[in-house]
Amino acid sequence: MFHLLSRLCACAVVLLSPVACVRAVPLPGMGDTEALARVEDWEDRRSLGEGQLVAWARGEKGQAVQVRALRALARLQDATTLEAILAGLSASEPSVRDEAAFAAGELALSWEPLPDELKLRMTEALREAEARESEEGVRRTLFESFSKLGTAGAIQRLIERVAEGHASAGRAALALGVSGRRGASLAEVPLEPVGALLAASQPVETRHGAAYLLVYLKRPAALELLRRCLADADPDVRALCAKGFVEGGGTEDTAALARLLEDSVPRVRAEAARTLSLLAAACVAPCAPLEALGALRKSAPRVASGDSASAHALLAVAQQGLPQAGRPVLEALRRSLAEAGPPVSELAADDVAWIDCRLAAAMDRQTGALAEVLRCGNGRVAEARRLALGLRELARAQVPEGARDAVPALHHPDARVRLAALEAVGARPVPEAVEPVRALLKSEDPVVAGMAAATVGKLKVLDALPDVRALAVRVAREPDLAEPVAGALVGLEGKAAEPALRVWLDHPHANVRRVAAEALTGLTGQPVRSVRVESPPGTGRPSAAPPGATLIFRTRKGDITVALDAGQAPLTSGNLDALARQGYFRGLSFHRVVPDFVAQGGDPRGDGEGGPGYSIRCEMTRRVYQRGVIGMALSGKDTGGSQFFFTHAPQPHLDGRYTAFGEVTAGMEVVDALLEGDVILEVRAAP
């Protein structure tokens with residue numbers, strides 16, 4: 001579902017769920033309360049209300065309804081509503097202008113990219129609005145929308161505001177950094193004003209924005225500023241600055257990063273460890289980053305003593321991987337775990353075992369063969385978990401002979417292992433994999449069948465085309481198949497796949513339409529957009545969460561209390577609240593943990609590909625992804641279900657893309673301690 005951030009949003013029920021019926025549509029002559037209810041109904045059904053929603057977004061029903069209608073347009077992301085959104089930028093009320101600016105950014109961030117002419121029109125309108133805006137809050141929203149738009153004109157305006165030391169220059173810097181992360185050119189950003197924003201006298205928010213920008217400038221000239229901010233008082237600023245040395249860091253920087261391996265905050269240590277691992281990939285002997293990473297041996301006794309958060313630096317190294325020259329480092333880290341003494345508890349023993357297997361898998365990635373993961377973990381890590389972990393690392397191995405060790409695993413009884421094996425043979429093809437992969441095309445498990453389709457597409461197995469076409473028919477009732485099957489059709493048929501893909505352009509599920517439009521754009525060389533499909537009246541959706549709704553996630557490492565945002569995201573909150581009351585999460589795990597990024601759970605399969613059997617629409621909110629925010633995981637538009645994630649640190653590039661629907665109010669230290677495989681004992685809903 002969501003491989004954040006890789007195949008890593010959420011969103012009322014679009015299809016399939018036995019949930020409460022939609023409220024009755026009110027009659028004409030309604031007051032604000034009834035009008036707001038109608039807007040909510042149109043939003044749920046992805047409808048423009050035969051043009052009425054657009055009229056209300058232009059102010060026909062007054063300010064309160066106009067603001068809510070603009071939020072609905074933001075969530076619909078329909079290009080035909082652009083002019084109504086832009087008209088709101090000139091409203092007399094700041095609340096309307098602010099909502100229009102947010103809606104413009106969401107339209108710019110559409111899952112289906114906007115045509116260039118609409119981006120230019122939006123750039124012109126946003127620049128004009130920002131030039132005359134007197135409210136700082138609205139200007140900040142405009143800056144965020146510039147970052148989502150990412151055009152040359154939008155980038156230039158942000159550069160101007162940073163260069164002149166504007167009151168919101170820190171927000172402009174952050175917006176520039178987000179644009180750079182999304183691929184925009186930042187070559188014209190001047191360094192001197194960015195350095196001024198890093199001064200200790202500046203607010204934390206300003207320093208954070210400047211540091212975020214420096215990371216994505218990726219310029220050798222920015223290294224001096226990054227060196228300064230490694231000593232910042234705020235841990236999130238220190239962690240960001242550590243990340244920036246991937247481009248061009250030298251011996252002096254290695255020493256500074258090595259000092260951060262002793263930082264008091266575990267997520268800073270993890271970020272420094274990750275950056276040193278990346279620097280090691282470009283090393284020639286002697287390799288200072290590898291020598292520095294040896295200091296992580298001190299983490300082993302902490303993990304054995306029950307300090308799970310200290311495992312994150314080791315996990316970061318294992319996830320990033322080291323070159324062949326770093327094998328002694330991985331061996332030394334594993335040895336330090338073995339020699340740390342008896343773990344203080346069963347929980348600590350499990351942490352030690354999993355990190356041992358993570359490091360073992362990184363060693364197998366170096367050789368391209370399963371070996372170390374077959375005997376890692378001190379007997380505490382199940383065979384299927386070890387195999388799936390090792391096979392995923394084989395998919396990343398740079399070895400000429402391919403992933404032959406993955407072929408037998410294609411027959412494994414555990415779906416997680418079969419999926420990992422498919423990933424490995426897709427990345428490193430070997431002839432003997434063809435027949436077992438073809439057999440998996442007929443799997444009743446749509447995730448396995450879809451991955452098999454993607455794999456035969458990569459392997460160019462033309463004889464498998466009839467089975468892939470049969471899977472294309474299944475997309476009508478199993479929309480999660482769309483993306484891998486589309487890739488297989490394009491890989492095997494080329495332009496001949498066009499008729500089959502065009503059938504999907506008016507599919508009931510928004511993500512199937514998106515996949516088809518994207519594939520057809522690539523095939524034809526011309527922009528192709530899908531049509532907006534309205535759900536019929538009476539379409540099911542979750543009941544809204546009650547005001548003040550709270551979830552308590554119970555784990556072996558402690559409890560995490562989350563206050564749900566029932567005001568901004570009533571249906572997303574209501575969906576998770578309802579699942580919790582059904583006992584849905586009992587026994588599920590946190591299947592994905594990326595240090596200093598997210599901890600993700602809620603998948604009944606345990607491999608990141610599962611959900612509750614239905615999908616819910618995206619319900620974007622104005623809540624930003626600060627540390628401790630809970631968001632809904634996605635694999636495309638309107639694909640949310642049961643998978644959620646907690647942020648370890650601010651993640652502004654997720655804002656407006658993945659529904660943020662609450663925050664941790666107690667137990668953040670538990671979030672920091674989570675590792676892959678940690679089990680959710682239960683989730684309690686209150687009131």
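Start with Pro-286, in the loop between helix H15, residues 266–280, and helix H16, residues 288–293. The peptide bond that joins Ala-285 to Pro-286 is cis. Its omega is about -10 degrees. Keep in mind that this is a predicted model.

Now look at the cysteines around that proline. Cys-283 and Cys-287 form a disulfide, with 2.1 Å between the sulfur atoms. Which hand does this disulfide of Cys-283 and Cys-287 have? The torsion about the S-S bond is about 75 degrees, so the disulfide is right-handed. The two cysteines also have their own accessibility values. Cys-283 is partly exposed, at 27% relative accessibility. Cys-287 is buried, at 9%.

How many disulfides does a search of the whole structure find? Three. Let's take the others in turn.

Cys-229 is joined to Cys-241, S to S 1.7 Å. The torsion about that S-S bond is about -115 degrees, so this disulfide is left-handed. Cys-229 sits in helix H12, residues 223–229, and Cys-241 in helix H13, residues 235–243, so the pair ties together parts twelve residues apart in sequence. Buried or exposed? Cys-229 is buried, with a relative accessible area of 3%. Cys-241 is buried as well, at 0%.

Then there is Cys-357 with Cys-376, S to S 2.1 Å. The torsion here is about 100 degrees, so the disulfide is right-handed. Cys-357 lies in helix H20, while Cys-376 lies in the loop between H20 and helix H21, 383–394, so this pair ties together parts 19 residues apart in sequence. Both Cys-357 and Cys-376 are buried.

Asn-378 is not a glycine, yet it has a positive phi of about 55 degrees. Asn-378 is exposed, with a relative accessible area of 61%.

Glu-50 is another non-glycine with a positive phi, about 55 degrees. Find Glu-50 in the loop between helix H1, 32–45, and helix H2, 52–57. Glu-50 is exposed, at 86% relative accessible area.

Next, helix packing. Two packed helices are described by the angle between their axes and by the distance between those axes.

Back to H20, which spans residues 346–367. Its axis and that of helix H18, residues 311–320, come within 8 Å and cross at roughly 20 degrees. Angles under 35 degrees count as roughly parallel, and that makes H18 roughly parallel to H20. The crossing of H18 and H20 is left-handed. Which residues meet there? From H18, we have Ala-311, Leu-314, Leu-315, Ala-318, Gln-319 and Gln-320. From H20, we have Ile-355, Arg-358, Leu-359, Ala-362 and Arg-365. By class, the residues of that contact are seven nonpolar, two polar and two charged.

Now the H8 and H9 pair. Helix H8 covers residues 152–163, and helix H9 covers 169–181. They pack at an angle of about 145 degrees, their axes 8 Å apart. The crossing of H8 and H9 is left-handed. On the H8 side are Ile-155, Leu-158, Ile-159, Arg-161 and Val-162. They meet Ala-169, Ala-172, Ala-173, Ala-175, Leu-176 and Ser-179 in H9. The contact of H8 with H9 has nine nonpolar residues, one polar and one charged.

Two single residues next. Asp-98 lies in helix H5, residues 94–108. Asp-98 counts as buried, at 17% relative accessibility. What does Asp-98 touch, not counting residues up to four places away in sequence? Gly-137, Val-138, Thr-141 and Arg-622.

Ser-642 is in the loop between strand E7, 629–632, and strand E8, 644–647. Ser-642 is buried, at 1% relative accessibility. Leaving aside neighbours within four places in sequence, its contacts include Leu-576, Leu-579, Tyr-584, Phe-585 and Met-632. Glycines and prolines are on the list too, among them Gly-601 and Pro-604. The C-alpha atoms of Ser-642 and Asn-575 are 8.0 Å apart, and these residues are 67 apart along the chain.

One last stop, and we are back to cis peptide bonds. Ala-686 and Pro-687 are joined by one, with omega about 0 degrees. Pro-687 lies in the segment after strand E10, 680–686.

Notes:
Residues are numbered from 1 along each chain as its sequence is written. This is a predicted model: local features need pLDDT of at least 70, side-chain atom pairs count only at pLDDT 80 or more; totals for chains, interfaces and linings use all residues. Side-chain values use heavy atoms; hydrogens and water are left out. Axes are lines fitted to C-alpha atoms, for helices over the stretch in contact, and angles run from 0 to 180 degrees between N-to-C directions. Helices (H or I, at least four residues) and strands (E, at least two) are DSSP runs, numbered from the N terminus. Angles under 35 degrees count as roughly parallel, over 145 as roughly antiparallel, 65 to 115 as roughly perpendicular and the rest as oblique. A crossing is left-handed if the near helix is turned anticlockwise from the far one by less than a right angle, and right-handed if clockwise. Contact means heavy atoms within 4.5 Å. Ala, Val, Leu, Ile, Met, Phe, Trp, Tyr, Cys and Pro count as nonpolar, Asp, Glu, Lys and Arg as charged, and the others, Gly among them, as polar. A disulfide is a pair of cysteine sulfur atoms within 2.5 Å. Buried means under 20% relative accessible area, exposed over 50%, partly exposed in between (1.4 Å probe, protein chains only).
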